[in-house]
Structures are given as C-alpha cells and as structure tokens.
Amino acid sequence: MSNKNLFFLALGSGLSSLGFWALAGINLPHTFSAGSPIRAAEVNANFAALNNALPGVAQTAASNAIAITDTPAVDSVTINVPGPGYVRVSATAQLNVEYTGTSSAMFTLAVSNTADTIRPDQDKRISLPGGLPAWTYRYIVSSERVFPVDSAGPKTFYLIAEENSVVQGTISSRTLTATFLTGMGTVQSP
C-alpha cells in the first residue's frame, strides 16, 4: 500500500471515529435486534432523537443601520433547542461613530441572553479621544459567548450596544448566530 493510500485510510478512520464519538452520548429511545419486528413510529422516534441531539443553527443578518438608543438590544436571534446543553452565540457588526471632534466617545457591544444586560466580562468597548478630526469612524466589532441552557424550547439571544457618551452611533452590517451544542465536554462559567 502506498504512503498516499495509507494516509487517506488513516484520515478516514480518524474522521469516522470522531463521528462515532460525537454520537456516543445520544440515547436512542428504541433498540432493535435481529428477527424482531420494528414499527415505523419507533424508527421515526430514533431519527427524531438523532436530529434533536445534533447541533442546530439559527442566524439573523441585516445591513441597515440602527441607531444606538436607550434600548440596548439592536438585534436578536431565537434558536429552538431540543434539551439541555449549550448555545454558542457570536455576533459581528459594524459600529459607525458620528464623531464631531469636540468630546470623547465610548461605545459598548456584547451578546447577552437578556435584552438589557451587558456582562462586564463579555463586552467590547470602543473609544475615541477628544480632538480627533470630525468624521464617521467605522469599526468591525465581534463578540461571542457560550450560554448554558437547561431545558428544551425557544431561546433568544441579543446583540446589545450602548452609547456611553454624547456622541451618536449606529450599528450596521450585523450578523448574529446561535449554535446549539450538546454537553460533550466541560464549559467553565466566569
């Protein structure tokens, strides 16, 4: 066997093992044995259990500009989770700072599971000192966090933006993604 074939054999075996490892934690409601009859409802229930255990994704994307106001949530995404696990939420957005040059500017962006709360350990702060030329300054900002979920059903997550100065700003070209993950490892909460 050539080295090239051996490489692909090892790669295929490794990927197959990884796939079987990822499915090892899934509990199927029905098992079947040779010679025993099976019902379509039981097979469908097994497929439903597999479907619910595999990661799901929900995403929102928009390019229009939204003014940063007293209501901090500028966008949201809802994902329907099948049960306990984790949701990884990531956001990317363009922050447009309408800077006049007379005073400093500061903005805070984060992802959250509540529409009005930014955790200090997950925020992204953008600031401009006073005295810069008047201009619309644009920054690409991203934030992500893993949230534990303890039950099935719809879960909503938010992209939050706060204006911490008198300078005006908008959020545009934003993407907010939520991905459900089963508990295959350990996640440390801050």
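## Lys 124 in strand E6

Lys 124 is partly exposed, because its relative accessible area is 37%, and in this report buried means under 20% relative accessible area, exposed means over 50%, and partly exposed lies in between, as found with a 1.4 Å probe on protein chains only. The residue belongs to strand E6, which covers residues 124-128; helices (H or I, at least four residues) and strands (E, at least two) are DSSP runs, numbered from the N terminus. This is a predicted model, in which local features need pLDDT of at least 70, side-chain atom pairs count only at pLDDT 80 or more, and totals for chains, interfaces and linings use all residues. Residues are numbered from 1 along each chain as its sequence is written, and side-chain values use heavy atoms, with hydrogens and water left out.

Which residues does Lys 124 touch, leaving aside its neighbours within four places in sequence? Contact means heavy atoms within 4.5 Å, and Lys 124 is in contact with Phe 107, Thr 108, Leu 109, Val 141, Ser 142 and Ser 143 when neighbours within four places in sequence are left aside.

## The chain as a whole

The protein chain contains two helices and nine strands, and from the N terminus on its elements run α-α-β-β-β-β-β-β-β-β-β. Of its 190 residues, 33% count as buried. Among contacts with a separation of 6 or more, 79% come from residues 24 or more positions apart.

The confidence of the prediction is given by pLDDT, the predictor's confidence in each residue, from 0 to 100. The mean pLDDT of the protein chain is 80, and 78% of the residues reach 70 or more. Over residues 14-24, however, pLDDT stays under 50, and for this stretch the model has four contacts beyond four places in sequence.

## The largest cavity

How many cavities of 30 Å³ or more are there? The count comes to one, where a cavity is, on a 1 Å grid over the protein atoms alone, a set of points where a 1.4 Å probe fits but cannot get out, and where lining residues have an atom within 4 Å of a point. The largest cavity holds about 40 Å³ of space, a volume being the space filled by probe spheres set on the grid points, which are joined across faces, edges and corners.

The lining of the largest cavity is made by Ala 91, Thr 92, Ala 93, Leu 109, Ala 110, Val 141, Ser 142, Ser 143 and Leu 159. At least two of the lining residues come from each of strand E4 (85-99), strand E5 (105-112) and strand E7 (135-149). Sorted by class, the lining has six nonpolar, three polar and no charged residues; here Ala, Val, Leu, Ile, Met, Phe, Trp, Tyr, Cys and Pro count as nonpolar, Asp, Glu, Lys and Arg as charged, and the others, Gly among them, as polar.

The side chains of Ser 172 and Asn 96 are joined by a polar contact of 3.0 Å, and a polar contact of 2.6 Å joins the side chains of Asn 96 and Gln 94. A polar contact is a pair of N or O atoms within 3.5 Å; within protein, one must be able to donate a hydrogen and the other to accept it, and residues adjacent in sequence count only if both atoms are side-chain atoms. Beyond four places in sequence, Ser 172 is in contact with several residues, including Ala 62, Ser 63 and Gln 94.

Ser 173 is also placed in strand E9 (residues 168-181), and Ser 173 is partly exposed, with a relative accessible area of 38%. Its phi is positive, about 45 degrees, although Ser 173 is not a glycine. Most residues other than glycine have a negative phi.

## Ala 134 in a loop

Ala 134 is found in the loop between E6 and E7 and is exposed, with a relative accessible area of 52%. Leaving aside neighbours within four places in sequence, Ala 134 is in contact with Tyr 99, Thr 100 and Gly 101. Ala 134 and Gly 101 are 33 residues apart in sequence, and their C-alpha atoms are 4.7 Å apart in space.

How values were computed: 1 Å grid on protein atoms, 1.4 Å probe; cavity = no way out; pocket = protein on both sides within 12 Å on 5 of 7 lines; lining within 4 Å.
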